Amino acid sequence: MGPGVSIIEAAIGEAQQGWRLDRALADLLPDLSRERLKGLIGEGQVQSANVGKISVSMKVAAGQMFIITLPPPVPLDTVAQDIPLTIVHEDADLIVIDKPAGLVVHPAAGNLDGTLVNALLHHCEGRLSGIGGFARPGIVHRIDKDTSGLLVVAKSDKAHEGLARQFKDHSIDRLYAAIVYAVPNPAAGTVDTWIGRSDADRKKMAVHREGRGKHAVTHYRTTQRLRDAALVECKLETGRTHQVRVHMHHIGHPLIGDPVYGRERKGFKSILETLGFKRQALHAKSLGFIHPVTSERLMFQSALPTDMQELLSQLHV
């Protein structure tokens, strides 16, 4: 048994007779959520001497004994790193971070450390939800590396499961501030499309015909007219990859500085170079949800970061 691995035994009782395996184990092991147990079963971490093929949906019988192997929440090569964090809120179950632009959310190819997850492992001393897997402990949702602003991270499995449910049913309040090329006309509206991988470039997302990809809805509102540009608020009804960036590009108003969807327009190059502005002008400014453990309604706000404020000042009419 490797470092950090623990073994739990669970005996099925009369009360769990006939239940699905995941439900029965969740009832016997209240510290492990049903979603976490589903993952462990799928990974082959649940075994039994008197049961042949084990599956999530199998029906259990009284007297059956199951052995659950709990791996450490992260592999040993995902190191805790003392990276400064701006913490907006923290309790026993979750933490809300105001992420700076340039910080990757979780380790992946090309970014094996120096990520938000590395910073959280240090700050939370490894106490993060395991549902997201080895590389993404606690991560319920993401924002792009070069997008700044608010995101919530789960410290407990119960919080992860409850937050994931709210993201799935679109009850999370998310508001973004974006600086876009030109002034939208109409000044406010709704972009309702389907988003999926681009046929031309698999690293990009694109708008597709109905039924292809995932349904995506963004409500936008112009809050400030600028010189050949505008400050726009985008309220997400869904949360698809690059949704704001793709939708604003789709209606002819790509984000200033966006290296993927926002082709540089005449008159902006010198401004961006002078400011050293090298990212999409996008900030997750507001995040609201129901606390998955206490049921308290929480709402958080984040002011525009300095680089976007400087860009705004350069573009004032």
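The model is predicted: local features need pLDDT of at least 70, side-chain atom pairs count only at pLDDT 80 or more, and totals for chains, interfaces and linings use all residues. Residues are numbered from 1 along each chain as its sequence is written, and side-chain values use heavy atoms, with hydrogens and water left out.

## Overall build

The chain has seven helices and 13 strands. These elements are DSSP runs, numbered from the N terminus: helices are H or I with at least four residues, strands are E with at least two. Along the principal axes, the C-alpha atoms fill a box of roughly 75 × 45 × 40 Å. Of the 317 residues, 46% count as buried. Here, buried means under 20% relative accessible area, exposed means over 50%, and partly exposed lies in between (1.4 Å probe, protein chains only).

Strands pair if DSSP finds at least two bridges between them. Three strands form an open sheet in the order 1-3-2, with antiparallel pairing. Strand 1 (6–11) and strand 2 (46–47) are the edge strands, each with a single partner, so one side of each is left without a neighbour in the sheet. Six bridges join strand 1 to strand 3 (residues 65–70) in the antiparallel sense. In this pairing, Ala10 stands opposite Phe66 of strand 3.

Helix 2 (residues 34–42) lies across strand 2 and strand 3, and runs at about 95° to strand 3. The angle is taken between N-to-C directions on a scale from 0 to 180 degrees, with axes as lines fitted to C-alpha atoms, for helices over the stretch in contact.

Strand 4 (residues 87–90) and strand 5 (residues 94–99) run antiparallel and share three bridges. Glu90 stands opposite Ile95 in strand 5.

## Pocket and cavity

Both kinds of space are found on a 1 Å grid over the protein atoms alone: a cavity is a set of points where a 1.4 Å probe fits but cannot get out, a pocket is an open set with protein on both sides within 12 Å along at least five of seven lines, and lining residues have an atom within 4 Å of a point. Grid points are joined across faces, edges and corners, and a volume is the space filled by probe spheres set on the points.

The largest pocket holds about 1,400 Å³ of space. Its lining counts 42 residues, with Arg142, Ile143, Asp144, Thr241 and His242 nearest the centre. Helix 4 (157–168), strand 7 (173–181), strand 8 (188–197) and helix 5 (243–250) each supply at least two lining residues. By class, the pocket lining has 16 nonpolar, 13 polar and 13 charged residues. Ala, Val, Leu, Ile, Met, Phe, Trp, Tyr, Cys and Pro count as nonpolar, Asp, Glu, Lys and Arg as charged, and the others, Gly among them, as polar.

The structure holds one cavity of 30 Å³ or more. The largest cavity has a volume of about 40 Å³. Among the residues that line the cavity are His141, Ile143, Arg174 and Tyr176. Strand 7 and strand 12 (282–290) each give at least two residues to this lining. Six lining residues of the cavity are nonpolar, two polar and one charged.

## Helix 5

Helix 5 is mostly covered, with six of its eight residues buried. These are Gln243, Val244, Arg245, Val246, His247 and Met248. Their cover includes strand 7, strand 8, strand 9 (205–208), strand 10 (214–226), strand 11 (229–236) and strand 12. Gly252 follows helix 5 and has a positive phi, near 90°.

## Backbone features in loops

The peptide bond from Asn185 to Pro186 is cis, with omega near 10°. Pro186 sits in the loop between strand 7 and strand 8. Two residues other than glycine have positive phi values.

| Residue | Phi | Relative accessible area |
|---|---|---|
| His170 | His170 phi near 60° | His170 36%, partly exposed |
| Asp228 | Asp228 phi about 55° | Asp228 58%, exposed |

His170 lies in the loop between helix 4 and strand 7. Asp228 is in the loop between strand 10 and strand 11.

Definitions and conventions:
Contact means heavy atoms within 4.5 Å.
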